[in-house]
Structures are given as C-alpha cells and as structure tokens.
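Please look at the sequence and the structure shown here.

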Amino acid sequence: MASTKGYLDFILGQLADCGGITCRAMMGEYILYCKGRVFGGIYDNRFLVKPVKSAISYVKNVQYELPYEGARPMLLVDDVDDREYLRGLVNAMYDELPEPKTKK
C-alpha cells in the first residue's frame, strides 16, 4: 500500500517549524530530509525515523517497524499530533545524521 499525499502533507505541516524539511517521492513512499540529511520517511502512512541513539532515547514509545520488506527496521513515531515533540525529535537527531553524499 502506498502512502497518501494527504498524510505526507499532514506530516510536513507538523514539521514546518523545523525548517529545512524536504521530501522526495520514491516508489509510492516519501523520503524525508532535514537540511539535506535523510532522517526518515513516510511508509504505508506511517512516520518512521532512523534509529539513531538520540531518536531512541527521545521517542516515548520505542517501537521498531520495517518500512518495506527487506529493509532495516526504523522507529515508528506514533505521536504525530504534537508539533513540539516532532520538532524536538528532529532537532535531537540532526547531529547524528550522516552528511549527504556528494556527487562526482
């Protein structure tokens, strides 16, 4: 099942205060970036983030989910209605996220 544009728009609206949030459609799902760094995505209308240490300690209810078959587990963010919580999560994760790869 692919994610809906409506759910993506809702999550992007919730993350609007973070600044620098962008997305890219990929095979019916959406990859989320913060200032060019991948931090998560929308998969089957679920908001999942990379399981970096800061995210694991920040998330209230740690629950791992597979974004798609054969992928590495990611953290499910189930409290998507709390904008402050989401901003804090993304800000906490940012320094641990890998720099974007440069194209040659």
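Burial and salt bridges

Q: Which residues of helix H1 (residues 5-14) are buried?
A: The model is predicted, so local features need pLDDT of at least 70 and side-chain atom pairs count only at pLDDT 80 or more, while totals for chains, interfaces and linings use all residues. Residues are numbered from 1 along each chain as its sequence is written, and side-chain values use heavy atoms, with hydrogens and water left out. Buried means under 20% relative accessible area, exposed over 50% and partly exposed in between, with a 1.4 Å probe and protein chains only; helices (H or I, at least four residues) and strands (E, at least two) are DSSP runs, numbered from the N terminus. In H1 the buried residues are Tyr7, Leu8, Ile11 and Gln14.

Q: Why do the buried residues of H1 line one face of the helix?
A: The arc is taken from the directions from the helix axis to the C-beta atoms. The buried residues line one face because, seen down the axis of H1, they fall within an arc of 125°.

Q: Which helix is among the elements that cover the buried residues of H1?
A: Contact means heavy atoms within 4.5 Å. The cover includes strands S1 (21-26), S2 (29-34), S3 (37-43) and S4 (46-49), and also helix H3 (83-94).

Q: How many salt bridges does the count come to?
A: Side chains of opposite charge can pair when their charged atoms come close. A salt bridge is a side-chain nitrogen of Lys or Arg within 4 Å of a carboxyl oxygen of Asp or Glu. By this rule the count comes to eight.

Q: How many residues apart are Asp17 and Arg83?
A: Asp17 forms a salt bridge with Arg83, with the closest N and O atoms 4.0 Å apart. The pair links distant parts of the chain, since Asp17 is in the loop between H1 and S1 and Arg83 is in helix H3, the two being 66 residues apart.

Q: What is the relative accessibility of Arg46?
A: Arg46 forms a salt bridge with Asp44, the closest N and O atoms being 3.8 Å apart. Arg46 counts as buried because its relative accessibility is 18%.

Q: Which strand holds Glu65, a salt-bridge partner of Arg46?
A: The closest N and O atoms of Arg46 and Glu65 are 2.8 Å apart. Arg46 lies in strand S4, so the pair ties together parts that are 19 residues apart in sequence, with Glu65 in strand S5 (residues 64-65).
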